[in-house]
Amino acid sequence: MNALWEQDDFQRAAGETWRPGGLALTRRALELGARCCGFAPGARLLDMGCGAGASLEFLAGRGYRLLGLDRRGHANWAERAGRGATAAFLRADAARLPLAEGCLDGVLCECVLSLLPDPLAALRDCHRALRPGGALLLSDLFRRTDMTEGEGGTAARLACREGTSCLDGARPRAEWDGLLARAGFLLHCFEDHSPALADLAARLVWYGAGAAPHWLRGGCACGGVSSGRGAFGYGLWIAQKECS
């Protein structure tokens with residue numbers, strides 16, 4: 001089975017960014033990174049899980065020095081390189097970055113961490129590759145509650161764990177916060193952007209059931225999303241590697 005973001009209907013609904021919030025949320029992450037961490041144009045930034053490179057193209061116009069990393073090479077990479085792309089692309093594992101210690105000013109990680117089998121390992125390697133004072137701009141899904149057996153929690157998680165969407169690895173916000181701390185990051189701020197998830201879900205339904213995961217079509221006990229208090233939300237975290 002193709003991953004959700006690889007499906008034609010999903011890409012048509014989500015556009016080039018393949019995640020909730022699109023470039024508007026990327027722009028917000030940069031604003032908060034500047035405010036909380038002094039992160040500014042000219043900084044060396046890794047887009048971890050860059051996909052086809054839409055965010056990199058957006059960031060290039062804002063003066064960042066860019067590196068894109070993804071576990072698979074995308075056809076768009078060659079096309080963008082042919083147009084004189086200002087970013088270098090690497091095909092590599094996010095938990096084993098082929099980068100020197102302290103070589104980055106920032107890491108952008110948009111709806112990627114929840115896809116990884118060991119997000120803590122990935123966060124620790126991001127921490128290693130960042131210079132002291134470097135910024136982590138992270139957006140991802142979170143579960144609003146840690147569902148219990150009585151609420152059908154275990155069955156729901158098993159039903160949703162197909163390895164095909166970010167929902168597979170969604171965790172409660174407190175657990176994400178804890179992983180950031182264990183990796184050595186200082187968390188500066190969190191914003192709830194769940195309406196962006198609800199908007200994407202609505203567009204997936206509009207483009208047809210084939211583009212919508214079964215949790216959205218009512219086939220999974222884990223619940224859906226909403227701009228209010230659905231089972232899943234979407235968050236933005238700004239964290240920093242402390243200066244030594």
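The backbone of C111 has a positive phi of about 55°, although the residue is not a glycine.

Helix α5 (residues 119-129) in turn packs with helix α7 (residues 173-182), in that their axes come within 9 Å and cross at roughly 45°. That angle makes α5 oblique to α7, and the crossing of the two helices is right-handed. On the α5 side the contact is made by P119, L120, L123 and R124, while α7 contributes W176, L179, L180 and R182. By class, the residues of this contact of α5 with α7 divide into 6 nonpolar and 2 charged, with no polar ones.

The mean pLDDT of the protein is 78, and 67% of its residues reach 70 or more. Among the elements of the protein, strand β7 (residues 185-192) has the highest mean pLDDT, 98, whereas helix α6 (residues 153-160) has the lowest, 36. Over residues 147-163 the pLDDT is below 50, and this stretch has 23 contacts in the model beyond near neighbours in sequence. Residues 214-228 likewise stay under 50 in pLDDT, and for them the model has 40 contacts beyond four places in sequence. Where pLDDT is low, the predicted coordinates should not be read in detail.

Definitions and conventions
Residues numbered from 1 in each chain as written. Predicted model: local features only at pLDDT ≥ 70, side-chain atom pairs only at ≥ 80, totals over all residues. Heavy atoms only, no water. Axes fitted to C-alpha atoms, helices over the stretch in contact; angles between N-to-C directions. Helix = DSSP H or I, 4+ residues; strand = E, 2+ residues; numbered from the N terminus. Parallel < 35°, antiparallel > 145°, perpendicular 65-115°, else oblique. Left-handed = near helix turned anticlockwise from the far one by under 90°. Contact = heavy atoms within 4.5 Å. Nonpolar A, V, L, I, M, F, W, Y, C, P; charged D, E, K, R; others polar. pLDDT = per-residue confidence, 0-100.
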